[in-house]
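This briefing goes with the sequence and model shown here. Please look at both before reading the points that follow.

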Amino acid sequence: MKTMGKRQKLSRRGFLAASSGAAVGVALVTSAGMVSSPSGAWAMEVTALKPETMATLIQFARDIYPHDQIADRYYAKAVKGHEEQAAKDEAHKTIIEEGIAELDRLAAEAGSTDGYRGLGWEADRTAILHSISTTPFFQTIRGNLVVSLYNQKEIWPLFGFEGESADKGGYITRGFDDIDWI
């Protein structure tokens, strides 16, 4: 991909690759005290943080750990703990709100008129993530996501993980070598 100022010249292959990644991005609906999917398949009540903050947090989570096969509701469930913690801890609320404000500021510098979620190119959002990767905000979200996203039993089959095995005699006698994604 050749860079021409702020615009990028794309090949057909580059366009298709970039547009397919952008299409998977979060298109969430925010309203007073609520974040939901456009289809209404799921919704999350938000009281401590702004609904726009939670919607951006979901996109942020998807950009840190991108999996096209995982629905937005699982990312929403993974970041819901920050809403709950913000309700109890003003310092945590400040970290989240200021971190999202910084993401939106950086997105505006990159040309977005609609904040971080408005950046249509995954590569632009990823560049922003790299620029803040050492901040307490980024580390707080990333560290929490490792557990809150991947510890959801509903998504384990999407990765071929059959679940815990200690109570079933371990993995070795249960087809340890049948994992096809390694």
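Is tyrosine 65 buried or exposed? At 15% relative accessibility, tyrosine 65 counts as buried, where buried means under 20% relative accessible area, exposed over 50% and partly exposed in between, with a 1.4 Å probe and protein chains only.

This is a predicted model, in which local features need pLDDT of at least 70 and side-chain atom pairs count only at pLDDT 80 or more, while totals for chains, interfaces and linings use all residues. Residues are numbered from 1 along each chain as its sequence is written, and side-chain values use heavy atoms, with hydrogens and water left out.

**Overall make-up**

- The protein chain holds six helices and five strands; helices (H or I, at least four residues) and strands (E, at least two) are DSSP runs, numbered from the N terminus.
- Read from the N terminus, the order of elements in the protein chain is β-β-α-β-β-β-α-α-α-α-α.
- Of the 182 residues in the protein chain, 36% are buried.
- Among contacts in the protein chain with a separation of 6 or more, 55% involve residues 24 or more positions apart; contact means heavy atoms within 4.5 Å.

**Aromatic pairs**

- Six aromatic pairs are found in the whole structure; rings of Phe, Tyr and Trp (its six-membered ring) pair if their centres lie within 6.5 Å, and planes under 30 degrees apart count as stacked, over 60 as edge-to-face and the rest as tilted.
- Phenylalanine 60 and tyrosine 116 form an edge-to-face pair, because their ring centres are 6.4 Å apart and their planes are at 70°.
- This pair links distant parts of the chain, 56 residues apart: phenylalanine 60 is in helix 2 (residues 51–64), and tyrosine 116 is in the loop between helix 4 (90–109) and helix 5 (122–132).
- Phenylalanine 60 counts as buried at 0% relative accessibility, and tyrosine 116 counts as buried at 0%.
- Tyrosine 65 and tyrosine 150 also pair edge-to-face, with ring centres 5.5 Å apart and planes at 80°.
- Tyrosine 65 is in the loop between helix 2 and helix 3 (72–88) and tyrosine 150 is in helix 6 (residues 136–150), so the pair ties together parts 85 residues apart in sequence.
- Tyrosine 150, at 27% relative accessibility, counts as partly exposed.
- Phe60, Tyr116, Phe137 and Phe138 are linked into a cluster by ring pairs.

**Around tyrosine 116**

- Apart from neighbours within four places in sequence, tyrosine 116 has contacts that include Thr56, Phe60, Leu103, Arg125 and Ile128.
- Tyrosine 116 and isoleucine 128 are twelve residues apart along the chain, and their C-alpha atoms are separated by 8.9 Å.

**Helix packing**

- The axes of helix 2 and helix 3 come within 9 Å and cross at roughly 120°; axes are lines fitted to C-alpha atoms, for helices over the stretch in contact, and angles run from 0 to 180 degrees between N-to-C directions.
- Helix 2 and helix 3 are therefore oblique to each other; angles under 35 degrees count as roughly parallel, over 145 as roughly antiparallel, 65 to 115 as roughly perpendicular and the rest as oblique.
- Residues of helix 2, including Met54, Leu57 and Ile58, meet residues of helix 3, including Asp72, Tyr75 and Ala76.
- Helix 4 and helix 5 pack at about 125° with axes 10 Å apart, and are therefore oblique to each other.
- Leu103, Leu106 and Ala107 of helix 4 make the contact with Ile128, Ser131 and Ile132 of helix 5.
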